[in-house]
Every structure is written in structure tokens, then in C-alpha cells.
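Thank you all for coming; I would like to take a few minutes to walk through one structure for those who have not seen it before. Please look at the sequence and the model as they come up.

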Amino acid sequence: MSGSLSTTASRRRNDFRARRHASWWAFLVHRMSGIALAAFLPVHFWALGEALRGEGGLDGFLHFADRPLFKFGEWGLVVLLAIHLTGGLRLLAIEFLPWSGLRKSWIAATVALGIAGGLAFALALIG
Amino acid sequence: MVLAQFVLVHLATIIYAVRGGLSGGEILARTQGSWAIAAFYGAFVIACAVHVPLGLARIAEEWLGWSGRCSNAAAAACALVIALLGLRAVYAVVA
Amino acid sequence: MNRNLKVKVWRGGADGDFSKYEVPRQASQTVLDVITYIQRRLEPSLSYRFSCRVGVCGSCAMTVNGIARWTCRTHVAKVVEGDTLEVAPLSNLPVIKDLATDMAEFFDKWARAKGSFRGSKTRHDEFARVEPGSLERMAANAGIECIGCGVCYASCDLVSWRPDYLGPAALNRAWTLVNDIRDTGQIERLRAVAGDAGCHACHTQGSCSERCPKAIEPTAGISGLKRLAARRAMRGEL
């Protein structure tokens, strides 16, 4: 048996079975969407910066981006932003508003609002 | 809270703008010379430059095991990159 | 119900492994019943903790099919997967042997969070007057039933990811004392819980509130501490 009782190596960790509940999923979705958005942001800024080369620069990028896979990616990013936003609002509510219970309905509302945002963008793209 | 308001306005704006297709001319026609756009999006960029690195620093500490000093240094670097690239982009569409 | 249960029980230290046992099923059997059967009839060298066996002491907390529970209050019928059961020690705590963990760090963090009462009155003073319906007292009451079983601590990923993190139980206790108007150690306590190893490490995963056998919500207390710490820090009081 290991002699040291205080190192982190001497303990067992949880696996996915401990994480199968709504609040944990909300955390994971918020974190994953944040990572994706953080990766996307520099690209977004660079693309807009192409306008420094005049209208043609921006149009060049927009023309490149006018393909279905890109549009789907853009839609995906808008959904991620909407979800990250609504998840963030949920966290602010937890921290500043009075509540009790497991707040599962808030999680549902978060998801619903995120999807609504995504749908609105999809409609705008297609229409 | 501040960032939430920026994001809401931005989402509403792009949903509106993207209808009927998008062209460089259309965007620039709206944004060039606009102080309102410059102020709004400039502030938005600064808010992002604060928020994004903090989130990434926590992830680096918790999932990559980085020390506080490493993650803070990386966060500061990220903040700088976001601020510079972002403000350049704002200038690009507003100038 | 004649089938046997196939039970995997953790043996050894943190670097141990599961051993398999067959235990006859019985009506209204709890996981503690199963472990007790194994130790008495099949494996005398099995180490585990229990005390009251009726759900008031918290000693029998273990990881059952991956989730931290009180084994005396967990009916086999509710958690069995087919006819298999997996029992392991609580996560996030050093394993002494088999199903017993070293709880020292759990209580050390309780002390580090200033989780003990410090009053200013003596027996010669008047009784303190505490309004039971006040918001502070109701907030404190929501958390004072904690018996230190460790289930929340074992369920929290931030405890796994940040070894310094004080954890939900210690912070919940700090919250009950922060809301105790008789306590005189408020500034030290807020300083203790306001750091990176304190309330701000919580990401509201909510596993603590989800798993607490007494339906306490450390998430609420920790959110309250975040609020309080942020306000006091902005006022320069910390």
C-alpha cells in the first residue's frame, strides 16, 4: 500500500457516472462553447480587418465564405454565442437572484433561448 | 452583465443584417464613418479582451494543470492579442 | 428473488483494484447490508466504515455505481444494474484501505474556511436575540444540518481539479456562520473563503447540491459567498 496519504495520486476520481445531471451538462456546454468562441474570435477579427484593404478586401472574404459549409459553420457559431450568453445569464441569476431548489427549469429556459437565437439566425440566413 | 448587453445587441444586429445576403459594400456603407459603431464595438472588444482570457486561464489551470503564474501570463498575452486584433478590425470597418 | 448479486468491491489503497463477490439478494436490502454480508461471511479482511446504519451519521458514505451515496440509505433495488453492483471508497480523498478514506483533509479545509463559531458573549450576558424569520437566519438554517459526511466533497470536480479548493462542505459551513449575527469572526472568514481556493473556484456544476443526502444546497451558499466577497472586496474591506 502506498505510504504517502497526502498526494493527489493516492485518491480515486469520479468518472462520467457522477456527471450525468443537468447542471453538470450546463457547465460543460458553457465551457465548450466558450472555448470554441475563443478560438473563433481572432479569425473573426482578422476577417473583418481584411476591410482595411478596402471594400474589395472584405468582399473577397465574403465571397470565400459564401459556401454551404461556411454558412453552417457561421450558424453554429451564432448558436454557440447564444447558448454561451444564456448560460452566462443563468449563472448571473444564480449568483445574484434569490432562488432555491435545483433550478432545472432555468437550465431548460437557457437551452430554449439558445435554440431560439440559433433559429432566428438560420431564418435570417435562409430568407 | 455588461458583456451580455453587448452580445444581445450584436446578435440582434447580425440577425437583421444577414437577411437577404451580405456584401462588403453593404456592411461598410453602414459602418464607415460611424462614431456609434466605433464606440459600441470598440467597447465590446475591450469587454471581450477582459472576459475571454479569464475563462481560458481557469481552463488552463483546471484541465491542463498550469500554475497560476503561467495562466495569468498567458491570459495577459491573450488579452493583448484580442484587444489589438479587435480594435484593428473596428478601425478597418469604421475608417 | 433467488438470484445472487454480483458485487465488485474496491480492495487495497488508491492503486488497488476491484474484487468480485456473490451475495444473496434479499428484499429491502441496502448496500450497507451487502457490504456487511461480504465482510462477515466472505472477506473478513474487508475494511469499511459505518455507525448508526439509519441515515443520521454519514459514516457509511461510499461510491456506489460511480455516485457518492450513504450506503445505509441506498436500497440495492434502486441502484442495481441488472444484477451487478460496484462499491468503491469516496473519490477525492486519500484511500486508507478498501472502502475507508482519510477524512483529515476534509476537516482541515473546514477549519481553514474558518468554519467554527466565535462569539463575544459569556454565560453572564443576556441571551442573544436572533430573529428566526430574518433572511440571514433562514439562509443559515438552510445549511446547518450538514453532518460532514463528505458526499459533496467526493462529488465535486473542482475538488479533483484544484487540490487547494476548500470544497462545498467547508464553504457551506462558512456561509452558515457568515449569516450568524452572533459571530464575531466575519472579516477573517470572508478573507479565508474569498481566494482562488475559496468560493471563486466554484463553477456551479451543482454536483454537491445534486448529491447531498440532506438536500442541502452548497451551490446557494457558495453563490452567496461570492456575492459577499465581491462586494466587500470592491469596498476595500478585504
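This is a predicted model: local features need pLDDT of at least 70, side-chain atom pairs count only at pLDDT 80 or more; totals for chains, interfaces and linings use all residues.

Residues are numbered from 1 along each chain as its sequence is written, chains are lettered from A and ligands numbered from 1 in the order in which they are written, and side-chain values use heavy atoms, with hydrogens and water left out.

Let me start with chain A, which has 4 helices and 0 strands, where helices (H or I, at least four residues) and strands (E, at least two) are DSSP runs numbered from the N terminus. Of its 127 residues, 39% count as buried, a word that stands for under 20% relative accessible area, with exposed over 50% and partly exposed in between (1.4 Å probe, protein chains only).

What does the contact between chain A and chain B draw on? It takes 33 residues from chain A and 34 residues from chain B, with contact meaning heavy atoms within 4.5 Å. The two chains bury about 2,600 Å² between them, 82% of it on carbon and sulfur atoms; this buried area is the accessible area (1.4 Å probe) that two parts lose on being put together, summed over both.

Between these chains the count is 1 salt bridge, that is, a side-chain nitrogen of Lys or Arg within 4 Å of a carboxyl oxygen of Asp or Glu. It joins the side chains of B:Glu62 and A:Arg31 at 2.7 Å, N to O. On the side of chain A that touches chain B, the elements giving two or more residues are α1 (22-49), α2 (55-64), α3 (68-96) and α4 (104-126) of chain A, and the largest share, 13 residues, comes from α1(A).

Finally, I would point to A:Asn14, found in the segment before α1 of chain A. Is A:Asn14 buried or exposed? A:Asn14 counts as buried because its relative accessibility is 11%. Its side chain meets that of C:Ser91 in a polar contact of 2.9 Å, a pair of N or O atoms within 3.5 Å; within protein, one must be able to donate a hydrogen and the other to accept it, and residues adjacent in sequence count only if both atoms are side-chain atoms. The side chain of A:Asn14 also reaches the backbone oxygen of C:Ala154 at 2.7 Å.
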